[in-house]
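Please look over the structure shown here.

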Amino acid sequence: MKRLKSFILIALAVVVAGAYAVPAPSAAAQSSSLSIAPKKEYVIEPGDSVDDKLTIRNLDNSADLTLSLRVVDFTFTDDGGTPKLFLEDDAPQTTWSLKPFVTVPKTVTVPKSGSKTLDMSVAFPAGHGAGSYYSAIVYSTSAPDGAGNVGLAASGVTLVFAQVPGKVNENLKLEKFGAYQQATANKEAGYFFMSLLEPQRVAYTLKNNGNVTAAPVGSITLKNMFGKTYEISNVNPSGSLALIGQSRTYTACIKLASQNINFSGDRTSANTCVSAGLWPGYYSADLNLFYGQNGNPTQEIISKASFWYLPWWFLIIVFVVLLLLAYIVWRITQAVRNRSSGSIKLKKRK
Amino acid sequence: MRHWLFRYHAHAHMWRHMLPYEALAIFVIIVFVVAMPTSALRFAERGLFMHSSEPGETTSYTVSFRYMSPEPVGSVDMLFCIDPIPHHECVTPLGLDVSDAVLSSQSGETGFVMDALAPNHIVLSRAPSMISSAGISSYVFDNIVNPLDTGQSFSIRLRSHASTDASGPQIDFGSVKGQVTDGVVLETQVPPMLIFCVAEQVMDQCLGTNENYYTDMGELSSDSTLTAQSQMAVGTNASSGFAITVNGGSMAAGTSVIDSPSTPTESQPGENQFGINLVANNAPTVGSDPEGTWTNAIPTPDYSMANHYKFVPGDVVAYSPNVSLMKKFTVSYIVNSREDLKPGVYSTTMTFIASGRF
């Protein structure tokens with residue numbers, strides 16, 4: 001009996017030791033390099049549906065990419081175009097939610113250096129009200145498995161906008177218009193009235209009080225104090241949207257430079273703001289905006305603004321010129337005084 | 001002084017006879033009455049309804065507006081251009097053709113016949129007569145071929161004239177806006193794409209990573225700061241650019257959570273603090289500045305201050321307002337702890353979400 005006990009104990013010890021000695025199967029290599037469409041837009045009549053494709057590429061050449069897909073609602077973060085995603089599972093549905101009308105697969109695995117095309121659809125029931133509906137498709141890599149303090153996960157997002165045509169309430173109100181300084185790494189973006197640096201952008205902020213998204217078009221005319229004009233013929237070249245309830249700032253380059261670049265094997269056009277060669281001085285700007293969806297009134301917004309461009313070198317020149325003028329005036333005054341006092345003395349002598 | 005007054009009186013007296021009050025009155029009438037009709041008004045309640053918005057499709061357009069000036073109208077000029085501004089050069093929308101258009105119905109102000117002067121130009125004309133309709137006037141045109149470019153809107157520049165051939169001074173003016181959509185997807189020539197990758201180390205162009213998605217920062221101590229770093233690369237050809245948000249919670253062990261500053265704060269050893277930034281730091285030494293030639297993709301101001309750290313879930317940490325070639329960001333993490341921090345294994349998962357912008 002003792003021998004049996006000893007045998008069992010030894011066997012157990014061997015099994016336990018073996019279990020610890022065999023290395024745990026390492027987690028399969030996993031990619032987190034994805035390429036997706038950033039935005040989809042549709043116009044769908046009530047009672048109609050649209051079938052579309054979502055193409056996902058795995059750029060990693062050594063590991064497969066496994067993604068889970070879900071649809072979430074979003075709104076705006078600030079006056080720019082950055083979405084604020086409602087990621088919580090219990091997030092209340094927005095009034096503009098597209099979630100009930102979108103169908104996407106739940107998961108997908110994309111082989112290394114490969115791509116997968118998924119079916120998606122958007123369908124509105126008959127009699128559905130006109131308006132703008134939007135949500136986001138979130139593609140998430142799985143949570144990391146391993147030992148450590150900080151785990152990393154990557155997600156991509158496709159914003160999906162659908163327009164149901166019909167009579168809608170469109171109402172944009174101009175809040176601000178003027179010269180604009182783009183954000184830099186250390187400085188927030190903002191409007192200005194006077195600048196030491198040459199302004200390269202003009203912007204306008206619109207508050208969307210309607211129940212649909214809006215993308216205005218139009219132009220801005222800049223005029224300097226000598227009458228020279230600069231025309232900004234497309235004030236919303238990206239077709240950027242003001243979401244429902246958003247105060248959206250649109251920026252437009254005074255002079256736009258386009259260049260063709262190679263992005264991931266495809267040629268694409270990139271626009272940047274460049275110096276328009278503005279002269280120092282006072283500038284006035286005229287804004288002329290139009291908006292309105294198909295079948296709805298085209299509405300117009302007109303406004304004026306002004307700003308000063310006063311570079312340091314110009315201020316120094318003005319200061320020097322003023323000093324010179326003051327000196328000349330002083331010299332003339334002195335000369336006149338000397339002459340008058342001279343003539344008085346002469347009279348006295350007489 | 002008296003001499004000057006005499007001279008002024010003599011001068012004014014002469015002009016008093018040369019420019020009598022009657023002439024002045026006529027001048028005022030000319031300025032305020034005769035010149036008034038030249039100050040044209042905008043058509044009100046302007047609208048365009050395209051019965052089909054498919055690119056290149058032959059369809060009907062309904063143009064509606066309300067006449068504003070109580071003047072006789074003999075013609076209405078309709079010019080189809082990309083740009084709605086009347087005094088700008090008119091570029092015809094690609095593919096649009098109104099040459100075979102037919103005025104199939106009219107309501108409100110009626111009696112017009114239609115003439116297509118060019119593929120982008122229609123003139124409605126009638127015997128000049130006063131505006132009799134106070135409401136909206138609508139004109140339906142059949143056989144118009146839609147433009148092809150779904151990427152930009154177009155407009156119809158409207159002008160009313162007293163003449164029957166749209167010549168002479170305009171009475172009212174204004175533009176209506178339209179856009180073709182293919183009903184399925186609006187796409188430019190190259191489909192927009194957003195490329196994104198995250199790992200401890202990522203390769204340029206996101207062609208691979210070191211496949212390590214976990215970092216062990218070591219043992220917490222009130223005397224020193226623990227650091228770690230990860231990388232992410234991003235790029236897009238979408239004209240609206242991209243944004244990356246950081247999501248997740250601060251480091252926690254059960255219910256014990258290490259605080260994270262909501263404003264950029266220097267590392268404070270001996271205090272509970274978890275924060276991140278996206279630039280090179282030397283206190284402590286961790287991280288590096290963004291890599292890539294394009295300057296429009298940048299970390300947000302709160303996450304781009306060297307030696308200052310912040311963490312607010314949902315914050316945008318980097319973005320580009322427009323097209324951006326691939327750019328690599330290094331995320332620095334710091335953790336400090338107080339002596340009385342509850343013992344445990346503190347961990348978190350940072351989810352970086354890259355999205356397009358609208």
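## A loop residue in chain B

This is a predicted model. Is B:N307 buried or exposed? B:N307 is buried, because 20 other C-beta atoms lie within 10 Å, and 20 or more is the cut-off for that class.

## A loop residue in chain A

A:S113 also has a positive phi, near 55°, and is a residue other than glycine. The loop between β7 (107–110) and β8 (115–123) of chain A holds A:S113. A:S113 has 17 other C-beta atoms within 10 Å, so A:S113 counts as partly exposed.

## A cis peptide bond

Which peptide bond is cis, with omega near -5°? The bond runs from B:A283 to B:P284. B:P284 sits in the loop between β19 (281–282) and β20 (285–286) of chain B.

## Where the chains meet

Chain B puts 78 residues in contact with 75 residues of chain A. Strand β25 (residues 348–356) of chain B gives the largest share of the chain B side, 9 residues. By class, that side has 43 nonpolar, 27 polar and 8 charged residues.

Strand pairing also links the chains. Strand β10 (residues 150–164) of chain A and β25(B) run parallel, joined by 5 bridges. A:L152 stands opposite B:M350, a residue in β25(B).

Notes: Residues numbered from 1 in each chain as written. Chains lettered and ligands numbered in written order. Predicted model: local features only at pLDDT ≥ 70, side-chain atom pairs only at ≥ 80, totals over all residues. Contact = placed C-beta atoms within 7 Å. Helix = DSSP H or I, 4+ residues; strand = E, 2+ residues; numbered from the N terminus. Nonpolar A, V, L, I, M, F, W, Y, C, P; charged D, E, K, R; others polar. Pairing = 2+ DSSP bridges. Buried ≥ 20, exposed ≤ 12 C-beta atoms within 10 Å, placed from the backbone.
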